[in-house]
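Student: I have a structure open and would like to talk it through. Can we start with the sheet and then turn to the ligand?

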Amino acid sequence: MNNCILVTGGAGFIGSNFVLDWLARSQESVINLDKLSYAGNLENLASLQDDSRHIFVQGDIGDTALVERLLATRQPRAVVNFAAESHVDRSIHGPEAFVQNNIVGTFRLLESVRAYWAGLEDKTKSGFRFLHVSTDEVYGSLSKEEPAFTEHHPHEPNSPYSASKAASDHLVRAWHHTYGLPVLTTNCSNNYGPYHFPEKLIPLVIVNALAGKSLPVYGDGQQIRDWLYVSDHCSAIRRVLEAGRIGETYNVGGWNEQANLSIVQTICGLLDQLRPRADGQPYRNQIAFVADRPGHDRRYAIDARKIERELGWKPAETFESGIAKTVQWYLGHQEWVANVQSGAYRDWVRTQYGNAEAGNAASAS
Ligand code: NAD
Ligand code: TYD
């Protein structure tokens with residue numbers, strides 16, 4: 001069949017890591033469809049500038065005419081759908097973009113793909129896959145004692161973001177059951193690593209620490225997330241695409257549950273070693289407890305035994321190795337950080353953390 005795949009949202013954090021990893025391992029071309037929202041950044045893909053296997057197209061997954069044209073001319077053997085609005089706090093301030101991009105966008109993409117797939121000849125049709133990249137947040141929140149989410153856990157989303165992702169998961173499922181579209185869904189825990197936009201906890205803490213700003217911890221900082229290094233998420237997606245059973249969902253996680261405060265303290269400790277503060281004080285002095293997120297989910301935890309049992313996938317990185325690589329990456333990519341801190345980024349920081357731009361270290365310590 002045709003030697004290309006269509007990746008949507010491939011200029012964002014996980015999507016760009018996926019495209020880079022894919023092209024480092026395979027000769028198969030990538031058509032990268034991304035509308036370049038505030039989170040999309042072609043600088044992430046700068047190393048592919050002269051690589052003819054990467055074909056970037058700026059556009060929206062909801063633009064049916066564009067997507068149908070791309071599918072017809074490029075004839076991909078698979079679609080991997082990363083495109084989405086992805087930040088919970090933004091979804092609280094402005095949920096409409098989440099409904100539009102994550103729900104309506106996925107619906108339109110599914111319809112374009114269904115029409116394309118229906119017209120394929122038998123051999124290519126049976127090999128075709130639509131892989132939907134989703135999140136553990138669709139399952140809702142766990143107490144400390146409850147077992148981790150399995151694939152059978154009901155969808156109980158609590159934020160506008162997770163509700164929009166849950167809705168898109170349901171659409172994908174329905175397009176399989178009703179129309180036979182050969183879909184796969186992955187539900188992954190919190191990712192971290194290179195090219196992570198500094199609105200999310202881990203890159204925000206690294207960037208603020210180095211800038212001498214306060215490190216905002218919501219509520220009591222005891223909310224628990226499972227953290228997975230981004231290249232492990234990419235390898236899981238490649239494996240599911242290669243061998244996942246059609247119509248199935250696979251949970252992907254790092255077996256690494258940690259409270260937010262502990263994550264922030266670990267980053268502070270690494271920075272103390274790698275880039276000590278000029279005044280000799282520890283970075284943890286910059287930690288500031290701030291108002292909690294409305295409806296803040298207390299705990300996410302992923303039971304990733306199905307993907308290990310059926311597909312032999314396990315994470316390669318520990319949190320210790322992954323977070324050290326991540327901090328090193330940010331230290332070595334200060335220009336990337338400066339470039340993403342545009343006017344729009346500063347507007348967001350003001351909206352979320354107030355006029356003092358998340359305060360400064362002096363006032364927080
Ligand atoms: P991101 O916000 O960094 O990137 C999203 C990308 O999608 C951006 O490049 C943006 O321009 C693009 N995009 C958004 N709407 C689009 C549209 N309508 N048409 C075309 N492009 C569009 O997000 P991310 O963290 O890389 O997440 C990627 C996917 O993985 C999302 O679907 C997210 O729900 C899922 N996910 C993320 C995590 C995580 O920890 N970040 C964990 C599990 C699952
Ligand atoms: P985030 O990176 O936004 O991911 P998600 O909400 O999708 O899990 O946040 C991770 C955790 O860190 C979450 O419990 C909220 C918390 N958090 C803070 O305490 N302070 C912050 O400034 C941010 C952005 C997040």
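**Sheet and ligand shell**

Tutor: This is a predicted model, and in it strand E2, residues 29-34, runs parallel to E3, the two being joined by 5 bridges.

Student: Which residue in E3 is the bridge partner of Asp34?

Tutor: Asp34 has Gln58 as its bridge partner in E3, and Asp34 is also listed among the closest residues around ligand 1.

Student: What is the order of the strands in the whole sheet?

Tutor: The sheet is open and has 7 strands with parallel pairing, in the order E3-E2-E1-E4-E5-E6-E10. Strand E3 (54-58) and strand E10 (249-252) are at the edges with a single partner strand each, so one side of each lacks a neighbour in the sheet. From one strand to the next, the twist averages 20 degrees.

Student: And which strands does helix H2 lie across?

Tutor: Helix H2, residues 64-74, lies across E1, E2, E3 and E4, and its direction is at about 175 degrees to E2.

Student: Switching to the ligand, which polar atoms of the protein are by it?

Tutor: A polar backbone atom of Ile14 is 2.8 Å from an oxygen atom of ligand 1, while a backbone N or O atom of Phe82 is 2.9 Å from an oxygen atom of the ligand. On the side-chain part, an N or O atom of Asp60 lies 3.0 Å from a nitrogen atom of ligand 1. The protein covers 97% of the 830 Å² of accessible area that ligand 1 has on its own.

Student: Which element gives the most to the shell?

Tutor: That is E5, with 3 residues, and the shell as a whole divides into 12 nonpolar, 12 polar and 4 charged residues.

How values were computed
Residues numbered from 1 in each chain as written. Chains lettered and ligands numbered in written order. Predicted model: local features only at pLDDT ≥ 70, side-chain atom pairs only at ≥ 80, totals over all residues. Heavy atoms only, no water. Near = heavy atom within 4 Å. Polar contact = N/O pair within 3.5 Å; in protein donor to acceptor, adjacent residues only side chain to side chain. Areas by Shrake-Rupley, 256 points an atom, 1.4 Å probe, with all protein chains shown as cover. Helix = DSSP H or I, 4+ residues; strand = E, 2+ residues; numbered from the N terminus. Nonpolar A, V, L, I, M, F, W, Y, C, P; charged D, E, K, R; others polar. Pairing = 2+ DSSP bridges. Axes fitted to C-alpha atoms, helices over the stretch in contact; angles between N-to-C directions. Contact = heavy atoms within 4.5 Å.
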